2 protein chains.
Amino acid sequence: MAFEDYIAACNNHDPDKYRPFLVSGIPVGNVRHDIAEALSGHDAVLVEADGLRLDDNLTDFDSRSRVLDKLASTLAAEGLVPKLRGEMYPVKTGFEAEALAEIDRAAVPGFGLRAYGVHLNGYVRRADGGIDLWIARRASDRTICPGMLDNMVAGGQPIGLGLMENVIKECGEEANVPPKLAATAQPVGAITYMLETEWGLKPDTMFCYDLELPADFTPSNTDGEVETFYLWPASQVAEIVRDTFDFKFNCNLVIIDFLIRHGLIPPETPGYVSLIRGLRK
Amino acid sequence: MAFEDYIAACNNHDPDKYRPFLVSGIPVGNVRHDIAEALSGHDAVLVEADGLRLDDNLTDFDSRSRVLDKLASTLAAEGLVPKLRGEMYPVKTGFEAEALAEIDRAAVPGFGLRAYGVHLNGYVRRADGGIDLWIARRASDRTICPGMLDNMVAGGQPIGLGLMENVIKECGEEANVPPKLAATAQPVGAITYMLETEWGLKPDTMFCYDLELPADFTPSNTDGEVETFYLWPASQVAEIVRDTFDFKFNCNLVIIDFLIRHGLIPPETPGYVSLIRGLRK
């Protein structure tokens, strides 16, 4: 196995299975044909062969959000999207764009909307100059990837929260990092991928952070999402990423980016440049 | 002006002006039509409307290199490429690929061959946690970008030298960095661009390195390529990059990548993700 395999695994979609999803005539996502067809007959949505359109007469955030809420409920009732979570994500054309509407997080892949999240690698610089990484094992009752390895802290970006606010919040919930320490997390870039899942399409953007931790800090989980934390040498983490599917699919990419930026995947590695490009598909 | 402008300036080429250049039937570059036509009548090269081909009967490195040397001399004599430099670059399909031939560095853009180089940002971590960057000003007698600002150390990747060997060599020549200190340079990624120049096409790959320097180290030039060095706060360097064309075209990109990785261009910056993607065109 090679690092490239994990990038390929996160970029597996077949465009022919989807049609554009338009809000106010603007393409904001891609919806699988069977999901689009399941919405025919609904008010305020036009199911066309070349696209699924929210009625252009819905001119404000609230009215669009109300319709999307009904559509999401329909899809959840039919088992086409998972149980709704009551956590709202923005519908927008890009990260800095104004939100056209909001929608339940569970229905975001159903409409193929771009989602944003923060992923943080907590690390400790050893006395010998090497790097140890804090790695989380996901709780066994999680819906997605139960029991798999994960970045120390990660979370989706809900509507109305700044990126650093989210980092500090998730650091507290997932790893019990004090806010003052969490605020020293350093933004280091972003990764994009487009993953086909049973619940639809995930065109995701992960904003990446490095958090250097003191040797005497030990993370502990407070929200039940993490079963345990490990402190492993970065070289060992690199081997786990390269040789196994133990990490949650997208967390592999966050670790690969970390390893490249810290010189632990050196430029002499075959496929180095395409690996770097692959992280921004 | 915006950071994106410097990425656009490095990715300005019009594909219609070029035809593929093939060695052993393999596309390795792109040659401008007038340069291709200037080579008609030469032995061992076929000038066709849809490509310039080195004779497929040239089956080894040496015979191909001898023909390329003649072609390069012809182009130099006609003023279509600059004066040859006697420094040889490999002709290959990718960084790890075997070299099919070698060619004078001055003729590399003339055939639109991919070139590789190392770029190093030397930096000092201040007591207040901030970062100062060592910036070079190029000598006023340089052919390319005389007097412009540059990364502390940078150099093309000649045939037969490893990347880290080149980093150490260039660190010594350009900034008088002792080999032991230079060897602590950390590889941090790669940047690609494709620039149209008067001398042809430059599809370049820059391997990037960070070198943390002690506060009492001062670089000094030994090969005449640098006029002077400055130690400036990274925030000031960011302003120079964003607001001026003072830096050599491709060095802007290396600084932008540094600023992103060190959190000095934060993810809240408009166009952040497209900036990151733009560095790997």
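Trainee: How many salt bridges are there across the interface of chain A and chain B?
Mentor: The rule finds 0 salt bridges there. Keep in mind that this is a predicted model.

Trainee: Okay. And how many residue pairs are in polar contact between chain A and chain B?
Mentor: The count is 14 residue pairs, with both residues at pLDDT 80 or more.

Trainee: Which parts of chain A supply the side that touches chain B?
Mentor: Several elements of chain A supply at least two residues each. They are α4 (163–175), β11 (186–197), β12 (200–212), α7 (249–261) and α8 (272–278).

Trainee: Which one gives the most?
Mentor: That is β11(A), with 6 residues.

Trainee: What about the classes of residue on that side of chain A?
Mentor: The side of chain A that touches chain B has 14 nonpolar, 8 polar and 7 charged residues.

Trainee: How many residues does each chain bring to the contact?
Mentor: Chain A brings 29 residues and chain B brings 30 residues.

Trainee: And what area is buried between the two chains?
Mentor: About 2200 Å² is buried between chain A and chain B. Carbon and sulfur atoms give 59% of that.

Trainee: Which three residues of chain A supply more than any other three?
Mentor: Pro267(A), Arg277(A) and Arg280(A). Together they supply 22% of the area that chain A buries against chain B.

Trainee: New topic: sheets. What is the strand order in the open sheet of 4 strands in chain A?
Mentor: The order is β2-β1-β4-β3, and the pairing is mixed. At the edges are β2 (26–32) and β3 (45–48) of chain A, each pairing on one side only. On average, neighbouring strands are turned by 20° against each other, direction ignored.

Trainee: How does β3(A) join β4 of chain A?
Mentor: Through 4 bridges, and the two strands run antiparallel. The β4 strand covers residues 51–54 of chain A. For one facing pair, look at Leu46(A), which stands opposite Arg53(A) in β4(A).

Trainee: Which helix lies across those strands?
Mentor: Helix α3 (residues 61–77) of chain A lies across β1 (18–23), β3 and β4. The helix runs at about 130° to β4(A).

Trainee: Now chain B. What order do the 4 strands of its open sheet take?
Mentor: In chain B the order reads β2-β1-β4-β3, with mixed pairing.

Trainee: Why is one side of β2 and of β3 in chain B left without a neighbour in the sheet?
Mentor: Because β2 (26–32) and β3 (45–48) of chain B stand at the edges, each has a single partner strand. The twist averages 20° from one strand to the next.

Trainee: In what sense do β3(B) and β4 of chain B pair?
Mentor: They pair in the antiparallel sense, over 4 bridges. Find Glu48(B): it stands opposite Gly51(B) in β4(B).

Trainee: And what does helix α3 of chain B touch?
Mentor: Helix α3 (residues 61–77) packs on the sheet, touching β1 (18–23), β3 and β4 of chain B. The helix direction makes about 130° with that of β4(B).

Technical notes
Residues are numbered from 1 along each chain as its sequence is written. Chains are lettered from A and ligands numbered from 1 in the order in which they are written. This is a predicted model: local features need pLDDT of at least 70, side-chain atom pairs count only at pLDDT 80 or more; totals for chains, interfaces and linings use all residues. Side-chain values use heavy atoms; hydrogens and water are left out. Contact means heavy atoms within 4.5 Å. Buried area is the accessible area (1.4 Å probe) that two parts lose on being put together, summed over both. A salt bridge is a side-chain nitrogen of Lys or Arg within 4 Å of a carboxyl oxygen of Asp or Glu. A polar contact is a pair of N or O atoms within 3.5 Å; within protein, one must be able to donate a hydrogen and the other to accept it, and residues adjacent in sequence count only if both atoms are side-chain atoms. Ala, Val, Leu, Ile, Met, Phe, Trp, Tyr, Cys and Pro count as nonpolar, Asp, Glu, Lys and Arg as charged, and the others, Gly among them, as polar. Two strands pair if DSSP finds at least two bridges between them. Axes are lines fitted to C-alpha atoms, for helices over the stretch in contact, and angles run from 0 to 180 degrees between N-to-C directions.
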